[in-house]
Amino acid sequence: MKITKILSSVLTIMICGYANAESTNSQVLVAYYSLTGKTENTAKAIANASGGTLYQIQVDKAYPDNKKERRKILEQEMEQNYLPPLKPTNINPENYDIIFLGSPVWGNHISQPIKSFLSLYNLSGKKVIPFVTHSGGGRGQSFNDVASLCTGCIVDMDGWSSWGSGVGKKLTKWTQQQIQDTK
Ligand SMILES: Cc1cc2nc3c(=O)[nH]c(=O)nc-3n(C[C@H](O)[C@H](O)[C@H](O)COP(=O)(O)O)c2cc1C
């Protein structure tokens, strides 16, 4: 009886250890910008499924909470292609090989903070997998934007695109497939 108990404990420790080793992947970064939380939900699900490090890209000067006021500022920034400065971070995206890059679709394009992100780092040679959320208009030009702004990157043009967060089994399967494809 005692031996069975000991063996069972050892087995549990071994299984947990294996599960932990499988649940983190130091090569993978899940970087995202999200204004209202939808892309953030998707990013968290991708981080869970991939074992990657979650990194929330934030603008240095937060946008106003008032929707009307905020929309005006965002439209101005989009029109002028203004790249908002980002909050400093300890994470260096250049240290990762696979980068899931998430954004809401703004005016059929990638969001301005993601453009800022891509202008800051040299991700040449990295696999960059875009994922976007939208409100019915689809991915628009967003994947093309990533491809043209990320010089030398290997951009996966079959990225993820969903109306709202779109989390679930399909997203988990898609994420795991992306990791498999890079092996
Ligand atoms: C300035 C702005 C522009 C937008 N443009 C589009 C668009 O072109 N097409 C679309 O389907 N949704 C558009 N949306 C809606 C967002 O893409 C959608 O709500 C997204 O899921 C929000 O993600 P978030 O919660 O991570 O910020 C826009 C939203 C904002 C604030």
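Analyst: In this predicted model, the axes of α2 and helix α6 (residues 169-181) approach to within 9 Å and cross at roughly 55 degrees.

User: Which residues of α2 and α6 meet, and how do they divide by class?

Analyst: From α2, Thr 42, Ala 45, Ile 46, Ala 49 and Ser 50 meet Leu 171, Thr 172, Thr 175, Gln 176 and Ile 179 of α6. The residues of this contact comprise five nonpolar, five polar and no charged.

User: How do you know whether Gln 112 is buried or exposed?

Analyst: A residue is buried if 20 or more other C-beta atoms lie within 10 Å of its own; Gln 112, which has 21 C-beta neighbours inside 10 Å, therefore counts as buried. Gln 112 lies in helix α4 (residues 112-120), and it touches Glu 77, Met 78, Tyr 82, Leu 83 and Pro 84, leaving aside residues up to four places away in sequence.

User: What surrounds the ligand?

Analyst: The ligand is surrounded by 21 residues, the closest being Ser 34, Thr 39, Pro 104, His 134 and Gly 137. Two or more residues of this shell come from each of α2 (38-50), α3 (67-79), β3 (98-106) and β5 (127-134). By class, the shell has five nonpolar, 13 polar and three charged residues.

Technical notes
Residues are numbered from 1 along each chain as its sequence is written. This is a predicted model: local features need pLDDT of at least 70, side-chain atom pairs count only at pLDDT 80 or more; totals for chains, interfaces and linings use all residues. A residue is near a molecule or strand if its C-beta atom, placed from the backbone, lies within 6 Å of it. Helices (H or I, at least four residues) and strands (E, at least two) are DSSP runs, numbered from the N terminus. Ala, Val, Leu, Ile, Met, Phe, Trp, Tyr, Cys and Pro count as nonpolar, Asp, Glu, Lys and Arg as charged, and the others, Gly among them, as polar. A residue is buried if 20 or more other C-beta atoms lie within 10 Å of its own, exposed if 12 or fewer, and partly exposed in between; C-beta atoms are placed from the backbone. Two residues are in contact if their C-beta atoms, placed from the backbone, lie within 7 Å. Axes are lines fitted to C-alpha atoms, for helices over the stretch in contact, and angles run from 0 to 180 degrees between N-to-C directions.
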